[in-house]
Amino acid sequence: MAWRKEVFGTLKDGTQVDRYTLVNENGVSASFTNLGGIWLTMVVPDKDGNMEDILLGRDSVEGYMTMKGHLGEIVGRNANRIGNASLAIRGVTYALAVNSGTRNNLHSGPDYYGTRLWDAQVEEGDLGTRITFSLKSPDGDQGYPGNADIAVSYTLTEDNSLRLDYHMTADADTIANFTNHAYFNMAGHSSGSVLDQQVWIDADYYTATDEDSIPTGKLVAVKGTPMDFTTLKAIGRDIGADYEALRFGNGFDHNWALNHKEGRLALAAKAIDPASGRVMEVYTDLPGVQFYTGNALNGAGKDGVVYGPRDGYCFETQFFPDAANRPEFASPILEGGEEYHTTTVYRFTTLS
């Protein structure tokens, strides 16, 4: 294993921002920045050994500070949506900012973790080279209670996996529901539409939502609907179907309720690019995954590429959207003094 550190750029106040690159013995590499703990690149081989960066992103600090879409960001304290931009914890109601539609909160914004500098530490572990980004989030930050200590580790392993470990403790009951908002294109980040790429999701149900993408509390069976990914299928096959959930999301932008037992790290999803032969497997111990097909992507990316809608897709592992307000969903509430720890793994292989 090897790693290097270099200057990525500077903030407006002149503060230096660093870029860290991890490389394994197969030549697979992943890079990150202490700005937001953002995952910048993921360079993996195709079936013929050709290396390509399959992660959408930006080239500069300014690009990440001004971009929309959260490309590669660590999202917290709560990923996804909270209805009416408020939640109650132990009988106390907390108001959040409205930044989604006219009444909801999305990804705990607008003061996102992706625009903050995190502390960084690189070390060799049993599984491979690991970089850990840490952040202190004070009581009242983003509207949430409790002083929180947050750490997110990325480990590049010799089997061409990137392992994400999320940790948080707080001194009061609060929310802990983190994800990474990476966008993938298994043909290469500059390859355009992903509609011919294939996806499988181990979920027999998805969470129904209203037109603002807030869950109704109901789980809907995927069988016989365009939401069924229980057998491998092309993303583009059903994305334009006349189906209420797809109209509300302008494509796929929904939470699938995973079949595995919560708390058990298990294979949850898979993506394949038949042309290049690249395969990605997604493992998580969380109950849900938001499969998002980049329906609103629009803007300059790396290497002079302009990204458009459906040029990438996300597998955002998570507690269900609005779970803090839905007692029927697994709870994202972390009790004061307890530890939040969850793991997601993205494993890169090729078709044999």
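**Figure 1. Strands S3 and S4 pair in the antiparallel sense.** Five bridges connect strand S3 (residues 29-33) with strand S4 (residues 38-45); strands are DSSP runs of E with at least two residues, helices are runs of H or I with at least four residues, and both are numbered from the N terminus. Two strands count as paired if DSSP finds at least two bridges between them. Within this pairing, Ser29 stands opposite Val43 in S4. The model is predicted: local features need pLDDT of at least 70, side-chain atom pairs count only at pLDDT 80 or more, and totals for chains, interfaces and linings use all residues. Residues are numbered from 1 along each chain as its sequence is written, and side-chain values use heavy atoms, with hydrogens and water left out.

**Figure 2. An open sheet of five strands has antiparallel pairing.** The strand order is S1-S2-S3-S4-S5. Strand S1 (2-10) and strand S5 (51-53) form the edges, each pairing on one side only. Neighbouring strands of this sheet are turned by 20 degrees against each other on average, direction ignored; axes are lines fitted to C-alpha atoms, for helices over the stretch in contact, and angles run from 0 to 180 degrees between N-to-C directions.

**Figure 3. Trp39 and Tyr346 form a tilted aromatic pair.** Their ring centres lie 5.5 Å apart, with 50 degrees between the planes. Rings of Phe, Tyr and Trp (its six-membered ring) pair if their centres lie within 6.5 Å; planes under 30 degrees apart count as stacked, over 60 as edge-to-face and the rest as tilted. This pair links distant parts of the chain, with Trp39 in strand S4 and Tyr346 in strand S29, 307 residues apart. Trp39 is buried at 0% relative accessibility, and Tyr346 is buried with a relative accessible area of 1%; buried means under 20% relative accessible area, exposed over 50% and partly exposed in between (1.4 Å probe, protein chains only). Ring pairs join Trp39 and Tyr346 to Tyr20, Phe32, Phe133, Tyr154 and Phe184 in a cluster. The whole structure holds 24 aromatic pairs.

**Figure 4. Tyr313 and Phe315 form an edge-to-face pair.** The ring planes of Tyr313 and Phe315 stand at 80 degrees, and the ring centres are 5.9 Å apart. Tyr313 counts as buried, at 0% relative accessibility. Phe315 also counts as buried, at 0% relative accessibility.

**Figure 5. The largest pocket has a volume of about 770 Å³.** On a 1 Å grid over the protein atoms alone, a pocket is an open set of points with protein on both sides within 12 Å along at least five of seven lines, a cavity is a set of points where a 1.4 Å probe fits but cannot get out, and lining residues have an atom within 4 Å of a point. Grid points are joined across faces, edges and corners, and a volume is the space filled by probe spheres set on the points. The largest pocket is lined by 35 residues, of which Lys68, Gly69, His70, Tyr292 and Ala296 are the closest to its centre. Helix H1 (61-66), helix H2 (244-249), strand S24 (288-292) and strand S25 (299-300) each supply at least two lining residues. By class, this lining has 13 nonpolar, 15 polar and seven charged residues; Ala, Val, Leu, Ile, Met, Phe, Trp, Tyr, Cys and Pro count as nonpolar, Asp, Glu, Lys and Arg as charged, and the others, Gly among them, as polar.

**Figure 6. The second largest pocket contains about 200 Å³ of space.** Among its 16 lining residues, Glu262, Leu286, Phe319, Tyr340 and His341 lie nearest the centre. Strand S28 (333-334) and strand S29 (339-350) each contribute at least two residues to this lining, and S29 provides the largest share, four residues. The lining of the second largest pocket divides into eight nonpolar, four polar and four charged residues.

**Figure 7. The largest cavity has a volume of about 50 Å³.** The count of cavities of 30 Å³ or more comes to one. Strand S18 (205-209) and strand S21 (253-257) each supply at least two residues of the lining of the largest cavity, and S21 gives the largest share, three residues. One nonpolar, seven polar and two charged residues make up this lining. Asn80 is one of the lining residues; Asn80 lies in the loop between S6 and S7, has a positive phi near 70 degrees and is buried, with a relative accessible area of 2%.
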